[in-house]
Amino acid sequence: MSGPDVNDLQATNAIPPREVNSEEWRSFFLGYSHIVLVANSDEVDINELTSRFPDTTLFIFFNKVYKVLSEPFMRSAILVSRSGTLGANLVKSGKVSRVLEYFDKNSFLGIINLAIGDREKFSPESEFGGVAVRHLDLTALFAPFYPKTSLPTSGFALCFWLANLQLPATITLAGFSSKRSERYQVLDVHDWTYEQVVLRLMYRRGKIDIIGRERTNPYADLATHFPEYSPGEIALTANEVLSERLVNLSSIVDRLMHVTRFLRFIDRTYKKLKPKTRKQRRWDAMEGK
């Protein structure tokens, strides 16, 4: 079985309305047996990952794919480009041509320009290097329940959306650990804890698959092995232990803050003297309106 033709993604040249047409998207994804979302993580081994899945698999990558790809990807693939206040981040950073080098033209299906939130703006198709582009706005999907002080990550948002399309394909997450690595930071603008809770609940209900994660919850199993303890007692005790560990961690962080105060002073001074980037100047101009 082969997946949808690239022409399916190229069918609409004009930017679609911000409302999501679920049936249109369902028809696009129906040809695949597996959909694998690949995070930009040190934990991803592309060769090992591709060997796990059949030819009827669609791989979905995000933004700066050179973090996980070192050569053109030859399997069916889509790239998700997240938007910001000035348009798609890849467009505004001038990295579209660079990321497109990592996809084989014969198997690459195009770009999904993703926006979540009223301040995130789409970029026109003409700015994506001549490849097929679809625009996807998931603001309405997450507004009712995602923490108001944060924004969903692109991977979490697309995973949750795909799971709710009720596709016959198995949706798998690769590298979605929310861990900070030596190379890649975890941005505070996202609520990583909240997303991990939702993803694990979905995983344990069989809605998605997560590579490297156990489907059983050892804390939930305690009530089975030790029936004298109720699930409520187990949950309260687990929260108590977690609270104590966080307090201990906070005291260590306080000591580190004291020891590094001079280094932080130097860092703040350097940032004040460093010339602003073009993006920062445009942002300041918008904020001043």
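How much accessible surface does the protein have, and what percentage of that surface belongs to carbon and sulfur atoms?

1. **Surface and overall make-up.** The accessible surface of the protein comes to about 17600 Å², and carbon and sulfur atoms account for 54% of that area. Please keep in mind while reading these points that this is a predicted model. The protein has 289 residues, of which 39% are buried, and its secondary structure consists of 12 helices and eight strands. When contacts between residues at least 6 apart in sequence are taken together, 64% of them join residues at least 24 apart.

2. Phe-59 belongs to strand S2 (residues 57-62), whereas Phe-73 is in the loop between S2 and strand S3 (77-84), so the pair ties together parts that are 14 residues apart in sequence. Phe-59 has a relative accessibility of 0% and counts as buried, and Phe-73, with a relative accessible area of 5%, is buried.

3. **The pair of Phe-142 and Phe-156.** Phe-142 and Phe-156 form an aromatic pair that is tilted, with 5.9 Å from centre to centre and 45 degrees between the planes. This pair links distant parts of the chain, since Phe-142 is in helix H6 (residues 139-142) and Phe-156 is in helix H7 (residues 154-164), 14 residues apart. Phe-142 and Phe-156 are buried.

4. **An aromatic cluster and two charges over rings.** Phe-59 and Phe-73 are also members of one aromatic cluster, which they form with Phe-53, Phe-61, Phe-103 and Phe-108. Elsewhere among the aromatic residues, Arg-98 lies over the face of Tyr-66 at 3.6 Å from the ring centre. The ring of Trp-25 has the charged end of Arg-134 sitting over it, 5.7 Å from its centre.

5. **The second largest pocket.** About 440 Å³ of space lies in the second largest pocket, and its lining is made up of Thr-193, Gln-196, Val-197, Arg-200, Leu-201, Arg-204, Asn-217, Pro-218 and Tyr-219. Helix H8 (192-204) and helix H9 (218-225) each supply at least two residues of this lining, and H8 provides the largest share, with six residues.

6. **The cavity.** The structure holds one cavity of 30 Å³ or more, and the volume of the largest cavity is about 40 Å³. Leu-173, Phe-176, Gln-196, Leu-199, Arg-200, Ile-210 and Arg-213 line the largest cavity, and here H8 gives the most to the lining, with three residues. For a reader comparing the two spaces, Gln-196 and Arg-200 are among the residues that line the second largest pocket, and Gln-196 and Arg-200 are also among those that line the largest cavity.

7. **Thr-170 and its contacts.** Which residues does Thr-170 touch, not counting residues up to four places away in sequence? They are Ser-33, His-34, Ile-35 and Asp-209. Thr-170 and Ser-33 are 137 residues apart along the chain, and their C-alpha atoms are separated by 6.4 Å. Thr-170 has its place in strand S7 (residues 170-174), and at 35% relative accessibility Thr-170 counts as partly exposed, because that class lies between the limits of 20% for buried and 50% for exposed.

8. **Two residues with positive phi.** Two loop residues could be looked at together when the backbone is inspected. Asn-63, which is found in the loop between S2 and S3, has a phi near 50 degrees, a positive value in a residue other than glycine. Gln-166 lies in the loop between H7 and S7, and its phi is near 55 degrees, which is again a positive value in a residue other than glycine. With a relative accessible area of 65%, Gln-166 is exposed.

Definitions and conventions: Residues numbered from 1 in each chain as written. Predicted model: local features only at pLDDT ≥ 70, side-chain atom pairs only at ≥ 80, totals over all residues. Heavy atoms only, no water. Helix = DSSP H or I, 4+ residues; strand = E, 2+ residues; numbered from the N terminus. Buried < 20%, exposed > 50% of the residue type's maximum accessible area, 1.4 Å probe, protein only. Phe/Tyr/Trp six-rings, centres within 6.5 Å; stacked < 30°, edge-to-face > 60°. Lys NZ or Arg CZ within 6 Å of the ring centre and 35° of its normal. Contact = heavy atoms within 4.5 Å. Areas by Shrake-Rupley, 256 points an atom, 1.4 Å probe, with all protein chains shown as cover. 1 Å grid on protein atoms, 1.4 Å probe; cavity = no way out; pocket = protein on both sides within 12 Å on 5 of 7 lines; lining within 4 Å. Points joined across faces, edges and corners; volume = space filled by probe spheres on them.
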